[in-house]
Amino acid sequence: MDYSVSSVLLLNGPNLNLLGTRQPEIYGYDTLADLESQCQKRARSLGLELECRQSNWEGQLIGWVHEARGKHEGIIINPAALTHTSVALMDALLGVDRPVVEVHLSNIHSREEFRHHSYVSRVAQAVICGLGPQGYLLAMDAMAHLLNSDKED
Ligand code: DQA
């Protein structure tokens, strides 16, 4: 598919709508709106279009992944707790054949053992964790890089 401006979908999973007040010692004080507006700014400087979505529902996130076909060239996702549980979300990401960058605010590997495994990592081109909101901006840079190398092929 030949897009003149590459479009990227940024998905945030369950409970990330509570950012800013949810366990700020782990997730920081930036709200989801702060984070999304920083990403929009970075998208503009990278020449990307960015659509941001958040849901607490697995099925809704899967629906948006499906809709990415024909709409977005790449997906950046913080699947939140679904990271560790959702084969269905992993399968959806596999099914749409788009580059995926997985991002987490916290370092999931230094936390409880149940957070160490990610289904999404099996299908992601890159994983960034432990850098707070900065990780989202790096995920945007990484996605721009992945999409540019696709165009060069
Ligand atoms: C998270 C890490 C997950 O383990 C957790 O369930 C979240 C947020 C993160 O961004 O650090 O909700 O994805």
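Q: How do the residues lining the largest cavity divide into nonpolar, polar and charged?
A: In this predicted model, the lining of the largest cavity has 3 nonpolar residues, 1 polar and 4 charged.

Q: Which residues are they?
A: The largest cavity is lined by Leu-9, Glu-51, Arg-53, Trp-64, Glu-67, Ala-68, Lys-71 and His-72.

Q: What volume does the largest cavity have?
A: About 30 Å³.

Q: How many cavities of 30 Å³ or more turn up in the whole structure?
A: Searching the whole structure gives 1 cavity of 30 Å³ or more.

Q: OK, switching to the ligand. Which residues are around it?
A: Here's the shell: Arg-22, Tyr-27, Asn-78, Ala-80, Ala-81, His-84, His-104, Leu-105, Ser-106, Ile-108, Arg-111 and Arg-115.

Q: How does that shell divide by residue type?
A: The shell around the ligand splits into 5 nonpolar, 4 polar and 3 charged residues.

Q: What's the distance from Ser-106 to the ligand, side chain to oxygen?
A: An N or O atom in the Ser-106 side chain sits 2.6 Å from an oxygen atom of the ligand.

Q: And what about Asn-78?
A: Asn-78 has a polar side-chain atom 2.8 Å from a ligand oxygen atom.

Q: Where does the Arg-22 side chain come in?
A: An N or O atom of the Arg-22 side chain is 3.0 Å from an oxygen atom of the ligand.

Q: So how much of the ligand's accessible area does the protein cover?
A: On its own the ligand has 320 Å² of accessible area, and the protein covers 99% of that.

Q: Let's zoom out. How many helices and strands are in the chain?
A: The chain has 5 helices and 5 strands.

Q: In what pattern, along the sequence?
A: Going along the sequence, the pattern is β-α-α-β-α-β-α-β-β-α.

Q: What box do the C-alpha atoms fill?
A: Roughly 40 × 30 × 25 Å, along the principal axes.

How values were computed:
Residues are numbered from 1 along each chain as its sequence is written. This is a predicted model: local features need pLDDT of at least 70, side-chain atom pairs count only at pLDDT 80 or more; totals for chains, interfaces and linings use all residues. Side-chain values use heavy atoms; hydrogens and water are left out. A residue is near a molecule or strand if one of its heavy atoms lies within 4 Å of it. A polar contact is a pair of N or O atoms within 3.5 Å; within protein, one must be able to donate a hydrogen and the other to accept it, and residues adjacent in sequence count only if both atoms are side-chain atoms. Accessible areas come from the Shrake-Rupley method with a 1.4 Å probe; for residues, only the protein chains shown count as cover. Ala, Val, Leu, Ile, Met, Phe, Trp, Tyr, Cys and Pro count as nonpolar, Asp, Glu, Lys and Arg as charged, and the others, Gly among them, as polar. On a 1 Å grid over the protein atoms alone, a cavity is a set of points where a 1.4 Å probe fits but cannot get out, and a pocket is an open set with protein on both sides within 12 Å along at least five of seven lines; lining residues have an atom within 4 Å of a point. Grid points are joined across faces, edges and corners, and a volume is the space filled by probe spheres set on the points. Helices (H or I, at least four residues) and strands (E, at least two) are DSSP runs, numbered from the N terminus.
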